[in-house]
Amino acid sequence: MVDWEEMRRIEEEVHRCVRCPLHKTRTNPVPGEGGFRKGILFIGEAPGKNEDLQGRPFVGRAGKLLDELLSSIGLTREDVYITNVLKCRPPNNRDPTPSEISACSPYLERQIVALSPKLIVTLGRFAWAWTCERFGIPYRKLSDARGKLYISSTLLGTIRVFPTFHPAAALRRKELVDVMREDFQEIRRIVEGLPP
Ligand code: URA
């Protein structure tokens, strides 16, 4: 069962957060959102320009591709929850720094506890690396690791992680779009095989 009260608390704390310098340059923080009807959690990297302006995850071009990929396997945002490793936009969309990631991590950790997802889908290398470190999954580079399910027994119970590329990477390298389409078909098969 999802602890929506805790999810709301996390959201409020993210809105007030000053744990790292990104709060000085953000327009809006982006805690995450989604109806989570199917119990699937998507983790991206960090808000971009449009997300920072709207306070919502994946609302730019990468978000359009993500919506299309979700719809290709019969899912909508009501079925999933979408968040990021960082809740605030790094200036000019630069990579997150290790200190920003460690300052922001408690929010994502608490979101995972509160949601208790059946499946975590990581989008891009930062979310994959974060998840490997947090759940003791041996790290392999994303191009080798993608498209497979990783299962880890943790204090939180069984954690299932499925890494794929970041939709923004697929917008830059068109050949990745087809790889992501295949990965999403695999996500559909995994979800169909999960207990209700
Ligand atoms: N890229 C991300 O990683 N997250 C977003 O929310 C938008 C773009």
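Predicted model: local features only at pLDDT ≥ 70, side-chain atom pairs only at ≥ 80, totals over all residues.

Me: Which hand is the crossing where H4 passes H9?
Reply: Right-handed. Numbering starts from 1 along each chain as its sequence is written, and side-chain values use heavy atoms, without hydrogens or water.

Me: What's the angle between H4 and H9?
Reply: Roughly 40°, and their axes come within 9 Å. H9 covers residues 175-193. Axes are lines fitted to C-alpha atoms over the stretch in contact, with angles from 0 to 180 degrees between N-to-C directions. H4 and H9 are therefore oblique to each other.

Me: Which residues make the contact between H4 and H9?
Reply: H4 brings Leu65, Leu66, Glu68, Leu69, Leu70 and Ser72. H9 answers with Val177, Met180, Arg181, Phe184 and Gln185. Contact is heavy atoms within 4.5 Å. By class, the residues of this contact are 7 nonpolar, 2 polar and 2 charged. Charged is Asp, Glu, Lys and Arg; nonpolar is Ala, Val, Leu, Ile, Met, Phe, Trp, Tyr, Cys and Pro; polar is the others, Gly among them.

Me: Now H1 and H5. At what angle do they cross?
Reply: Roughly 165°, with the axes coming within 9 Å. H1 is residues 4-16, and H5 is residues 98-115. The two are therefore roughly antiparallel. H1 goes past H5 in a left-handed crossing.

Me: Who touches whom there?
Reply: From H1, Trp4, Glu6, Met7, Ile10, Glu13 and Val14. From H5, Tyr107, Arg110, Gln111, Ala114 and Leu115. The contact of H1 with H5 has 7 nonpolar residues, 1 polar and 3 charged.

Me: How far apart are the axes of H5 and H6?
Reply: 12 Å, at an angle of about 75°. H5 and H6 are therefore roughly perpendicular to each other. Ile101, Ser105, Leu108, Glu109 and Ile112 of H5 meet Phe126, Trp130, Arg134 and Phe135 of H6. That contact comes to 6 nonpolar, 1 polar and 2 charged residues.

Me: Where is Glu45 found?
Reply: In the loop between strand E1 (40-44) and H3. Past its neighbours within four places in sequence, Glu45 contacts Asn84, Val85, Leu86, Asp95, Pro96, Leu123, Phe126 and His166. Glu45 and Ile101 are 56 residues apart in sequence, yet 9.9 Å apart in space, C-alpha to C-alpha.

Me: And how many cavities of 30 Å³ or more does the structure hold?
Reply: 1. The largest cavity has about 110 Å³ of space. Of its 14 lining residues, the closest to the centre are Cys17, Arg19, Cys20, Cys88 and Cys104. H2 (22-25) and H5 are the elements that give two or more residues to this lining.

Me: Which of the helices gives the most to the cavity lining?
Reply: H5, with 4 residues. By class, the cavity lining has 9 nonpolar, 1 polar and 4 charged residues.

Methods:
Parallel < 35°, antiparallel > 145°, perpendicular 65-115°, else oblique. Left-handed = near helix turned anticlockwise from the far one by under 90°. 1 Å grid on protein atoms, 1.4 Å probe; cavity = no way out; pocket = protein on both sides within 12 Å on 5 of 7 lines; lining within 4 Å. Points joined across faces, edges and corners; volume = space filled by probe spheres on them.
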